[in-house]
Amino acid sequence: MHQLLLATRNAHKALEFAEILGGEFKVRDLAGVTGIPEIEETGETFEANAILKAAETAKRFPGLIVADDSGLEVDALQGAPGIYSARYAGEHTTDSENVVKILAALAQCSAFSAPPSARFRCAIALAQAGEIIATFQGVVEGVIVEAPRGSAGFGYDPIFQPLGFDLTFGELPAPEKNRISHRAHAIRSLRDWLLAREG
């Protein structure tokens, strides 16, 4: 059994990691762990932020540490919200507030004359003893829909429709989303790397 500690307190994200990695992996997160300060995401890319979180967490805990940073890039908004996806509407805002802000920004620039192209991007960093061992990337292309659809997932899932699908990430069943998502691509690369290292 492979043991991984996720540098996150996001229960949705931890569940997604566990489901995609499969039964050979035991995944823990930082929920309930006290005395660990929030690691400020000061990097200018998703990968830089993932590296910051993984390296800092790996200084405090033994074993393999995994951190990710991910977000939405909308072409009509020059790549926004990008690395600011979680706090696009401000610090400590809700997912729905971020969604409202992005739809309002797109309406102002008349982006909905055609579905605005966008992508979800994910970077994962793997660390041990304070050092980065490897990084992994995942991307899924799609469009932004005019109004939220579906209650599954989290973040911007209800307004993101992946290419080749008629449903948003908020409407897709979890197994299907976990097959095609940006995080799924990155997590599978991580999984393959860890299994190959053993072999």
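Which residue has its charged end over the ring of Tyr88? In this predicted model, that residue is Lys101, and the charged end of Lys101 lies 4.6 Å from the centre of the ring.

As a general background, nonpolar side chains in soluble globular proteins tend to be buried together. In this structure the largest nonpolar core has 20 residues, and the members that touch the most other members are Leu72, Val74, Ile102, Ile144, Tyr156, Ile159 and Phe160.

When residues up to four places away in sequence are not counted, Ile102 touches Leu72, Val74, Leu77, Pro81, Tyr88, Tyr156 and Ile159. Apart from this core lies another one, of 19 residues, which includes Ile20, Leu21, Val66 and Leu194.

## Aromatic rings

The structure holds four aromatic pairs. In one of them, Phe120 and Phe160 form a tilted pair, with 4.6 Å from centre to centre and 55 degrees between the planes. This pair links distant parts of the chain, for Phe120 belongs to strand E4 (residues 117-128) and Phe160 to strand E6 (residues 160-162), and the two are 40 residues apart. Both partners are buried, Phe120 with a relative accessible area of 5% and Phe160 with a relative accessible area of 0%.

Phe160 also pairs with Phe169: the ring centres are 5.2 Å apart and the planes stand at 55 degrees, so this pair too is tilted. Phe169 is itself buried, at 0% relative accessibility. Taken together, ring pairs link Phe120, Phe160 and Phe169 into a cluster.

Gly79 counts as partly exposed because its relative accessibility is 26%, which falls between the 20% limit for buried and the 50% limit for exposed. Leaving aside neighbours within four places in sequence, Gly79 is in contact with Leu72, Glu73 and Val74, whereas the C-alpha atoms of Gly79 and Gly22, 57 residues apart along the chain, are separated by 33 Å.

Pro81 is also placed in this loop, and a cis peptide bond, with omega of about 0 degrees, joins Ala80 and Pro81. Ser85 lies in the loop as well, but Ser85 counts as buried, because its relative accessibility is 5%. The contacts of Ser85, not counting residues up to four places away in sequence, are Ser70, Gly71, Leu72, Asn98 and Tyr156. Ser85 and Glu73 are 12 residues apart in sequence, with 8.4 Å between their C-alpha atoms.

## Positive phi angles

His92, another residue of the loop between E3 and H3, has a phi angle near 60 degrees, which is a positive value in a residue other than glycine. His92 is exposed, with a relative accessible area of 80%. Ala129 has a phi angle near 55 degrees, again positive in a residue other than glycine; Ala129 is placed in the loop between E4 and E5 and counts as exposed at 64% relative accessibility.

Leaving aside neighbours within four places in sequence, Lys177 is in contact with Glu16, Gly153, Phe154, Asp157, Phe169 and Leu172.Helix H5 (residues 182-198) has 17 residues and reaches 25 Å from its first C-alpha to its last, close to the 24 Å expected at 1.5 Å a residue. The buried residues of H5 are His182, Arg183, Ala184, Ala186, Ile187, Leu190 and Leu194, and Leu194 is also among the members of the 19-residue core.

## Cysteines

How many disulfides does the structure hold? The count is zero. Cys109 is partly exposed, with a relative accessible area of 38%, whereas Cys122 is buried, with a relative accessible area of 0%.

Methods
Residues are numbered from 1 along each chain as its sequence is written. This is a predicted model: local features need pLDDT of at least 70, side-chain atom pairs count only at pLDDT 80 or more; totals for chains, interfaces and linings use all residues. Side-chain values use heavy atoms; hydrogens and water are left out. Buried means under 20% relative accessible area, exposed over 50%, partly exposed in between (1.4 Å probe, protein chains only). Contact means heavy atoms within 4.5 Å. A disulfide is a pair of cysteine sulfur atoms within 2.5 Å. Rings of Phe, Tyr and Trp (its six-membered ring) pair if their centres lie within 6.5 Å; planes under 30 degrees apart count as stacked, over 60 as edge-to-face and the rest as tilted. Helices (H or I, at least four residues) and strands (E, at least two) are DSSP runs, numbered from the N terminus. A charge sits over a ring if NZ of Lys or CZ of Arg is within 6 Å of the ring centre and within 35 degrees of the ring normal. The expected span of a helix is 1.5 Å times one less than its number of residues. A nonpolar core is a set of buried Ala, Val, Leu, Ile, Met, Phe, Trp, Tyr and Cys residues joined through side-chain atoms within 4.5 Å.
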